[in-house]
Amino acid sequence: MELPEYVLKGLQLLADPSHFSNKTFHILVEAAFESLINPQTDGAVFGHVELGNLDLTLLKQCHGAIATCVLEAGKQNADKSTISSLLEDCRFGAERIDIFCTAYQKNKQKVEILLGGIGRFPSHIIDASWRLEYHIRNNHLHKVNQPAYLVTLNVENGQSRKAHDITFRCTMEQLQDLLGKLKDAAKSMEKASQM
């Protein structure tokens with residue numbers, strides 16, 4: 001597993017007992033996993049009581065190094081021996097390697113799900129429905145008499161196969177424009193497949 005130099009430097013700082021006690025190390029590792037899995041908690045680690053007396057720059061560098069290491073390990077489906085070897089190269093002690101590997105094994109599936117939702121598998125449409133709405137009056141009780149279409153696309157999310165709806169409203173002109181663009185895309189695909 002290859003990591004950038006700045007990540008290795010952050011991991012080496014994290015391995016140093018003069019910077020982090022085993023307790024603060026454990027808290028930082030758990031917080032890094034939590035910030036990856038639950039983005040709403042991102043930044044909460046820096047307000048933790050046990051980490052309050054540490055240099056904020058050092059804390060951020062080490063937090064980023066852990067997160068990068070975890071994501072790279074998840075991306076490569078690294079096993080415990082691969083991670084242990086990397087951490088030994090960064091001068092981690094046996095106890096810290098065990099803490100890190102235990103946290104990784106506990107959260108491995110969540111990290112893989114997180115990585116699976118990124119990039120390679122864009123959403124695709126599995127169903128579409130529409131409804132014609134007709135606005136007679138607006139909020140100011142003025143006559144509008146304007147039709148609008150409410151279109152709902154049922155899309156499936158890449159690898160996780162979770163379906164959800166995307167709904168939008170458009171006028172007849174906007175719907176015709178969308179239809180024209182979709183027809184152009186279909187023609188382009190047809191030409192590309194004939195080559």
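This is a predicted model: local features need pLDDT of at least 70, side-chain atom pairs count only at pLDDT 80 or more; totals for chains, interfaces and linings use all residues.
A crossing of two helices is left-handed if the near helix is turned anticlockwise from the far one by less than a right angle, and right-handed if clockwise.

Start with α1 and α3. Helix α1 covers residues 5–15, and helix α3 covers residues 56–75. They pack at an angle of about 115°, and their axes are 8 Å apart. That angle makes α1 roughly perpendicular to α3. Their crossing is left-handed. On the α1 side, the contact is made by Tyr6, Val7, Lys9, Gly10, Leu11, Leu13 and Leu14. On the α3 side, Leu58, Gln61, Cys62, Ala65, Ile66, Thr68 and Cys69 take part. Sorted by class, this contact has 10 nonpolar, three polar and one charged residues.

Which residues of α1 are buried? They are Val7, Leu8, Gly10, Leu11, Leu13, Leu14 and Ala15. The cover over these buried residues includes α2, α3, α4 (80–89) and α5 (94–116). An α-helix has 3.6 residues a turn, so residues three or four places apart point the same way.

Now turn to α2, which spans residues 22–37. Helix α2 also packs with α3, at an angle of about 60° and with the axes 9 Å apart. The two are therefore oblique to each other. Here the crossing is right-handed. From α2, the contact draws on Leu28, Val29, Ala31, Ala32, Phe33, Ser35 and Leu36. From α3 come Leu59, Cys62, His63, Ile66, Ala67, Val70 and Leu71. By class, there are 12 nonpolar residues, two polar ones and no charged ones.

Next come two loop residues. Asn77 sits in the loop between α3 and α4. Its phi is near 50°, a positive value in a residue other than glycine. Arg91 belongs to the loop between α4 and α5. The phi of Arg91 is near 70°, again positive in a residue other than glycine. Why pick these values out? Most residues other than glycine have a negative phi. Arg91 is exposed, because its relative accessible area is 58%, and the cut-off for exposed is over 50%.

Strand β1 runs over residues 124–137, and Glu133 lies in it. Is Glu133 buried or exposed? At 15% relative accessibility, Glu133 counts as buried, because buried means under 20%. The Glu133 side chain makes a polar contact of 2.9 Å with the side chain of Arg131. Beyond its neighbours within four places in sequence, Glu133 is in contact with Gln146, Pro147, Ala148, Leu150 and Arg169.

Strand β2 takes in residues 143–157, and Thr152 has its place there. With 19% relative accessibility, Thr152 counts as buried. What does the side chain of Thr152 make a polar contact with? The partner is the side chain of Thr167, at 3.4 Å. Leaving out residues up to four places away in sequence, Thr152 touches Asp127, Ala128, Ser129, Asp165, Ile166 and Thr167.

Terms used
Residues are numbered from 1 along each chain as its sequence is written. Side-chain values use heavy atoms; hydrogens and water are left out. Helices (H or I, at least four residues) and strands (E, at least two) are DSSP runs, numbered from the N terminus. Buried means under 20% relative accessible area, exposed over 50%, partly exposed in between (1.4 Å probe, protein chains only). A polar contact is a pair of N or O atoms within 3.5 Å; within protein, one must be able to donate a hydrogen and the other to accept it, and residues adjacent in sequence count only if both atoms are side-chain atoms. Contact means heavy atoms within 4.5 Å. Axes are lines fitted to C-alpha atoms, for helices over the stretch in contact, and angles run from 0 to 180 degrees between N-to-C directions. Angles under 35 degrees count as roughly parallel, over 145 as roughly antiparallel, 65 to 115 as roughly perpendicular and the rest as oblique. Ala, Val, Leu, Ile, Met, Phe, Trp, Tyr, Cys and Pro count as nonpolar, Asp, Glu, Lys and Arg as charged, and the others, Gly among them, as polar.
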